[in-house]
Amino acid sequence: MPSAMPASPKLEIVEDKRMFSRQFLLAPRAMDVPPGWKRTGIGGFILHSAPDLPLIALAHAEGEGLILGWPIHQGRLLCDGETAAVSESACAPLFTGISGRFLILEVRGGVLRAYPDPCGLLPAVYCPSQRVFASSSGLIPSIEDCGDDVELQAAFDIPAKSNWYPFGLTGRRNVRRLLPNHVLDLETFVAGRYWPDTDLHALRDGSETGPMVAEIARLLRENVGAVAAQDQVMCNLTAGRDSRMMLAAARDHVDDITFSTFRFPDRTGAGDTEMASRIAARFGLRHSILDCLDPIEADLADWLRDTGTCVAGRTLQLATTSKHVARMARFSLTGLAGELGRSVDWRKADAGETSLSTDMLLKRLGVDVQRLPPSVEAAGDVWRAALGPVPLSLQLDIALVDLWLGSCSGPSFYGHCHGGISISPFNDRRIIDLMLRLPHRYRIEQRLTIDLLDLMWPELNLFPFNPATSGRRARWRDRFRAAYKRLKNAIPRKFDKTILAGRKL
């Protein structure tokens with residue numbers, strides 16, 4: 001029997017009139033910005049930034065710059081005013097030594113360039129005609145050639161539909177989103193892809209996964225520990241795989257974290273609250289169930305203004321709820337990007353394909369558009385051409401990063417500016433690289449979660465994943481795989497091939 005669900009805590013109403021909180025605007029001249037914003041000179045430009053957006057100096061042998069946001073470097077979450085000194089091997093364009101939620105402005109060879117974090121979770125847009133680079137399109141002046149793109153807005157119908165703009169498009173003409181894994185040259189205002197490198201698909205089934213999984217576990221623990229060291233930390237707990245991996249990585253810090261579950265009024269929400277309550281009761285976690293409040297019109301208007309009216313859906317429905325939980329946490333842990341380890345968008349029929357049409361690719365990601373405008377088709381062709389000749393599986397992985405995480409999940413952060421700073425421990429260049437290098441069969445069978453839990457907190461494998469949505473067969477499969485792993489680990493290695501012969505789970 002599931003344990004009794006804890007009562008929902010009283011949600012505190014927060015009256016906050018700030019506009020464009022945690023945001024920024026960069027231009028070669030002074031601009032009109034909300035009152036109280038800071039001004040910082042860099043590379044011949046003026047950076048205007050909200051007072052609650054941290055600025056960290058970046059220093060390395062080949063250049064210097066600024067990190068905007070909340071970077072994790074050498075096991076620490078850096079604070080406003082600090083300096084991050086990185087080695088040449090960790091500097092642009094990969095910045096492999098930095099994770100968290102951030103954006104880097106780097107001056108190298110006299111040229112200022114902008115690099116988003118690996119998943120674009122501190123998002124940005126740019127307007128070449130005005131030479132303006134900003135956090136959201138609402139901060140870019142609406143002049144004659146940068147007004148609303150009426151055709152695009154009508155096709156995507158935000159916020160009436162659960163859509164977002166793909167391929168770097170926005171609802172404004174001549175205003176583009178800087179996608180993850182792209183760099184923007186602020187001298188020419190031209191963006192280009194610099195990652196991934198095309199050998200990510202080189203591993204085959206049967207490759208040694210043990211060391212790769214062990215390194216992912218180590219990095220997850222390090223990133224979670226950096227956030228858990230802060231005051232008032234909350235962690236999302238659901239019935240899903242990503243939050244389970246976060247919980248496992250946080251095992252040494254559970255006494256310092258409050259775990260929470262949003263009670264969405266649907267089947268998935270019911271499964272999340274039941275499973276999260278069972279896990280919390282079993283391991284003595286400090287856990288709260290938070291009811292989702294119906295969004296009020298004023299909060300929806302603020303949310304759409306601060307995000308540039310570029311994304312809608314389930315996250316928009318939390319516009320009021322996020323304001324009411326603002327006092328519960330300064331930081332929160334989210335499992336964004338964890339799905340990269342399990343090929344969520346792959347299909348069996350993809351094996352013989354080399355590419356998908358723009359229309360089919362967007363449908364695979366959940367975009368609901370009856371007829372794509374020519375601008376979307378053209379932008380899709382450009383995005384696909386920049387990837388080069390890569391397998392369809394890798395194209396789908398990069399689409400998940402560029403077109404979902406960087407274009408939907410990232411912009412939502414500005415809408416939820418009243419809650420805690422949400423940071424994903426998976427938003428780490430090395431972790432993403434390792435997950436994409438895992439053998440295809442391993443990822444299709446979704447074995448990463450089970451193996452990571454075995455390393456970090458084996459008892460968590462006793463609880464099925466997404467029981468309300470995955471069906472009885474999937475629940476028994478998850479339980480069987482966990483039992484199989486425990487049995488295999490208990491048997492001496494010399495007996496493995498004779499006693500446990502057969503298909504590897």
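These legends describe close-up views of a predicted model.

**View 1. Confidence along the predicted chain.** The average pLDDT of the protein chain is 85. A score of at least 70 is reached by 85% of the residues. Residues 1–16 form one of them, with pLDDT below 50. Beyond near neighbours in sequence, that stretch has 34 contacts in the model. Residues 470–475 also have a pLDDT below 50. For residues 470–475, the contacts beyond near neighbours in sequence number four.

View 2. Strands of a sheet pair through backbone hydrogen bonds, either parallel or antiparallel. Here the pairing is antiparallel, and the strand order is β2-β3-β1-β11-β10-β12. Two strands stand at the edges: β2, residues 38–42, and β12, residues 176–177. Each of these edge strands pairs on one side only.

**View 3. Strands β1 and β3 side by side.** β1 covers residues 24–27, and β3 covers residues 45–49. The two strands run antiparallel and are joined by four bridges. Look for Leu26: its bridge partner in β3 is Leu47.

**View 4. An open sheet of five strands.** The order is β17-β16-β15-β18-β19, and the pairing is parallel. β17 (287–291) and β19 (421–423) are the edge strands. Each has a single partner strand, so one side of each has no neighbour in the sheet. From one strand to the next, the twist averages 30 degrees.

View 5. Phe259 stands opposite His287, a residue of β17.

**View 6. Helix α2 against the five-stranded sheet.** α2 spans residues 210–228 and packs on the sheet. The helix touches β15, β16, β18 and β19. Its direction makes about 155 degrees with that of β18.

**View 7. The largest pocket.** About 1,800 Å³ of space lies in this pocket. Its lining has 49 residues. Nearest the centre lie Asn236, Phe264, Arg314, Thr334 and Leu336. Several elements give two or more residues to the lining: β15 (233–236), α3 (241–249), β16 (257–263), α4 (267–283), β18 (331–333) and α9 (392–415). Helix α9 gives the most, with six residues. Sorted by class, the lining has 17 nonpolar, 22 polar and ten charged residues.

View 8. Most residues other than glycine have a negative phi, and most peptide bonds are trans. This view shows some exceptions. A cis bond joins Ile158 and Pro159, with omega about 10 degrees. Pro159 sits in the loop between α1 (150–156) and β12. Another cis bond joins Trp195 and Pro196, where omega is about 15 degrees. Pro196 is in the loop between β14 (190–193) and α2. Asn181 has a positive phi, near 70 degrees. Find Asn181 in the loop between β12 and β13 (182–185).

How values were computed
Residues are numbered from 1 along each chain as its sequence is written. This is a predicted model: local features need pLDDT of at least 70, side-chain atom pairs count only at pLDDT 80 or more; totals for chains, interfaces and linings use all residues. Side-chain values use heavy atoms; hydrogens and water are left out. On a 1 Å grid over the protein atoms alone, a cavity is a set of points where a 1.4 Å probe fits but cannot get out, and a pocket is an open set with protein on both sides within 12 Å along at least five of seven lines; lining residues have an atom within 4 Å of a point. Grid points are joined across faces, edges and corners, and a volume is the space filled by probe spheres set on the points. Ala, Val, Leu, Ile, Met, Phe, Trp, Tyr, Cys and Pro count as nonpolar, Asp, Glu, Lys and Arg as charged, and the others, Gly among them, as polar. Two strands pair if DSSP finds at least two bridges between them. Axes are lines fitted to C-alpha atoms, for helices over the stretch in contact, and angles run from 0 to 180 degrees between N-to-C directions. Contact means heavy atoms within 4.5 Å. pLDDT is the predictor's confidence in each residue, from 0 to 100.
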